[in-house]
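Welcome! Here is a short tour for anyone meeting this structure for the first time. Take a look at the sequence and the model, then follow the points below.

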Amino acid sequence: MNSFVHKTLVVQLQAGDTDRFSVLAHLSYDTADPFAVTVVFSHDGRVLARWQLDREMLGDALRGPVGVGDVRMRPESRGMWQELRMEFLGDARPDGGRHHAVVFAWAPGFAAFLRETYELVPPGREEFRVDDFLADVIAGG
């Protein structure tokens with residue numbers, strides 16, 4: 001049985017005061033870390049950012065606003081177009097502000113990806129292997 005799900009979507013990135021531009025969002029899910037979804041944003045072969053998101057939070061964001069910290073998400077409608085708006089706050093800038101980017105994704109694409117992850121590990125059936133985690137910490141990993 002496959003323990004990975006990977007999907008690449010074209011999304012729109014808006015950083016600072018710039019207009020939206022297209023980038024790739026590489027979504028991955030590994031049953032070894034069943035609570036997390038990794039998203040790598042890239043453009044012209046360069047990695048722009050890598051975020052690890054909570055899978056449950058991502059699913060909830062398709063239905064309503066979530067997040068109060070560095071990651072905030074919510075659904076948005078633009079006519080027939082259903083988007084998932086993801087705001088990311090990054091490191092501090094020299095002027096005292098923080099780097100800020102907004103990603104607009106096609107919500108049905110994210111929903112399809114999540115359905116594939118749910119086929120591997122249904123919501124509520126995730127397991128955290130404490131013994132494996134502690135062994136890794138003790139080993140210095």
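Helices (H or I, at least four residues) and strands (E, at least two) are DSSP runs, numbered from the N terminus. Counted that way, the protein chain has 3 helices and 7 strands. Please keep in mind that this is a predicted model.

**Overall layout**

- Going along the sequence, the elements of the protein chain follow the pattern β-β-β-β-α-β-β-β-α-α.
- Along the principal axes, the C-alpha atoms fill a box of roughly 45 × 40 × 30 Å.
- The protein chain has 141 residues, and 34% of them count as buried.
- If we take the contacts between residues at least 6 apart in sequence, 37% join residues at least 24 apart.

**The nonpolar core**

- The largest nonpolar core is made up of 29 residues, and those with the most contacts inside it are Val-11, Phe-41, Leu-58, Met-73, Leu-84, Met-86 and Phe-110.
- Several elements each supply at least two residues of this core, among them strand 1 (4-15), strand 3 (36-43), helix 1 (55-61) and strand 6 (81-92).
- Helix 2 gives the largest share of this core, with 5 residues.

**A closer look at Phe-41**

- Phe-41 has a relative accessible area of 5%; buried means under 20%, so this residue counts as buried.
- Leaving aside neighbours within four places in sequence, Phe-41 is in contact with residues including Val-11, Val-23, Leu-24, Trp-51, Phe-88 and Val-103.

**Aromatic rings**

- How many aromatic pairs does the structure hold? There are 3 aromatic pairs.
- In one of them, the rings of Phe-41 and Phe-88 have centres 5.7 Å apart and planes at 65 degrees, so this pair is edge-to-face.
- That pair links distant parts of the chain, since Phe-41 sits in strand 3 and Phe-88 in strand 6, 47 residues apart.
- Phe-88 is also buried, at 5% relative accessibility.
- Trp-51 and Phe-88 have ring centres 4.8 Å apart and planes at 40 degrees, so their pair is tilted.
- This pair, too, links distant parts of the chain: Trp-51 belongs to strand 4 (residues 46-54) and Phe-88 to strand 6, 37 residues apart.
- Through ring pairs, Phe-41, Trp-51 and Phe-88 are linked into a cluster.

**A charge over a ring**

- Arg-20 lies over the face of Phe-104, at 3.4 Å from the ring centre.

Key
Residues are numbered from 1 along each chain as its sequence is written. This is a predicted model: local features need pLDDT of at least 70, side-chain atom pairs count only at pLDDT 80 or more; totals for chains, interfaces and linings use all residues. Side-chain values use heavy atoms; hydrogens and water are left out. A nonpolar core is a set of buried Ala, Val, Leu, Ile, Met, Phe, Trp, Tyr and Cys residues joined through side-chain atoms within 4.5 Å. Buried means under 20% relative accessible area, exposed over 50%, partly exposed in between (1.4 Å probe, protein chains only). Contact means heavy atoms within 4.5 Å. Rings of Phe, Tyr and Trp (its six-membered ring) pair if their centres lie within 6.5 Å; planes under 30 degrees apart count as stacked, over 60 as edge-to-face and the rest as tilted. A charge sits over a ring if NZ of Lys or CZ of Arg is within 6 Å of the ring centre and within 35 degrees of the ring normal.
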